[in-house]
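Take a look at the chain below. The report after it goes from the overall fold to single residues.

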Amino acid sequence: MSRPEVRLAERLSRARRVTAITGAGVSAASGIPTFRGAQGLWRSFRPEELATPEAFARDPGTVWEWYAWRRELVSRARPNRAHEILAGWSRSRRFERFALVTQNVDGLHERAGTRGVIRFHGSLFEVGCWNACRGSPRRWPDERVPFPEMPPRCPHCGGLLRPGVVWFGEAIPPEALSASLDALDCDVCLVVGTSSVVYPAAGLAAEVKRRGAFTVEVNPEATDVSASLDLAIAAPAEVALDEVERLLNV
Ligand code: OAD
């Protein structure tokens with residue numbers, strides 16, 4: 001049996017429609033900590049405790065501190081080799097269609113030049129009015145780092161701003177959900193750098209397999225979905241994708 005990287009490269013060389021589903025592990029090599037695992041903790045808070053409307057209602061200052069810290073970290077970070085390769089595939093004529101669905105809110109896929117990123121969980125660099133005041137759009141871009149005041153205020157009503165991300169208990173933006181479901185009709189699907197525990201995103205891998213795609217996980221650690229997919233590459237994304245790209249070009 002050939003190495004999994006070789007098998008993936010063979011599949012990709014014959015594929016017309018390719019989809020990548022990505023998570024925090026893709027940005028690990030850019031210095032952005034993942035959510036889960038030893039490095040994923042921020043002052044011992046779990047994301048499930050901070051990334052909720054209830055947590056924000058109770059303590060907007062702490063929740064905003066977490067997001068402001070991540071905005072600062074990300075604005076100093078640069079896309080890594082994994083982002084670059086996926087961006088290259090999105091721009092090349094190698095595939096008839098390449099789609100990228102990300103749970104990441106850091107914007108690094110976009111900064112690497114990826115075309116048509118489908119943002120499942122919103123963006124760190126968008127905000128909205130916490131009170132959904134009448135004068136404001138639902139979400140708008142805000143790239144100020146740092147904010148002039150903390151917690152930041154809505155320019156329309158003076159109330160609190162909220163991060164433009166999807167919190168636990170909130171719905172996935174309908175356009176992102178429908179674009180993601182469309183992207184699951186593909187020949188090869190890569191599931192890269194996600195622990196596949198947060199639903200509904202975690203359900204996409206099972207659905208894409210059900211629709212008949214060849215499914216490949218790229219993650220140095222085994223996850224709940226590893227065994228049910230067609231291939232698991234147990235390596236960091238920036239290493240494994242670099243190897244696959246090299247094999248595609250020989
Ligand atoms: P997690 O932090 O849950 O999982 C990151 C995964 O990346 C783990 O399985 C790691 O083994 C893997 N990993 C680490 N380094 C890697 C590398 N160099 N290459 C490839 N994989 C690597 O992150 P997500 O699955 O993205 O949602 O988390 C899902 C959601 O939970 C996030 O979108 C966020 C969070 O709470 C919300 O905030 C709603």
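Predicted model: local features only at pLDDT ≥ 70, side-chain atom pairs only at ≥ 80, totals over all residues.

Residues are numbered from 1 along each chain as its sequence is written, and side-chain values use heavy atoms, with hydrogens and water left out.

**Overall fold**

The chain has nine helices and nine strands. Helices (H or I, at least four residues) and strands (E, at least two) are DSSP runs, numbered from the N terminus. The radius of gyration, taken over C-alpha atoms, is 18 Å. The globule rule (2.2 Å times the number of residues to the power 0.38) also gives 18 Å for 250 residues, so the chain is as compact as a globular protein of that length. The C-alpha trace spans about 60 × 35 × 30 Å along its principal axes.

Contact means heavy atoms within 4.5 Å. Among contacts with a separation of 6 or more, 67% join residues 24 or more positions apart.

**Surface**

Buried means under 20% relative accessible area, exposed over 50%, and partly exposed in between (1.4 Å probe, protein chains only). Of the 250 residues, 51% count as buried.

| Residue | Relative accessible area | Class |
|---|---|---|
| Cys129 | 6% | buried |
| Cys157 | 40% | partly exposed |
| Val6 | 22% | partly exposed |
| Asp230 | 31% | partly exposed |

**Two cysteines**

A disulfide is a covalent bond between the sulfur atoms of two cysteines. Here, a pair of cysteine sulfur atoms must lie within 2.5 Å to count. How many disulfides does the structure hold? It holds zero. Cys129 is in no disulfide, and the sulfur of Cys157 is its nearest cysteine sulfur.

Val6 sits in helix H1, which covers residues 4-14. Val74 is 68 residues from Val6 along the chain, and their C-alpha atoms are 33 Å apart.

Asp230 lies in the loop between strand S8 (214-218) and strand S9 (231-233). What does Asp230 contact, leaving aside neighbours within four places in sequence? Its partners are Lys209, Ala213, Phe214 and Thr215. Arg138 is 92 residues from Asp230 along the chain, with 40 Å between their C-alpha atoms.
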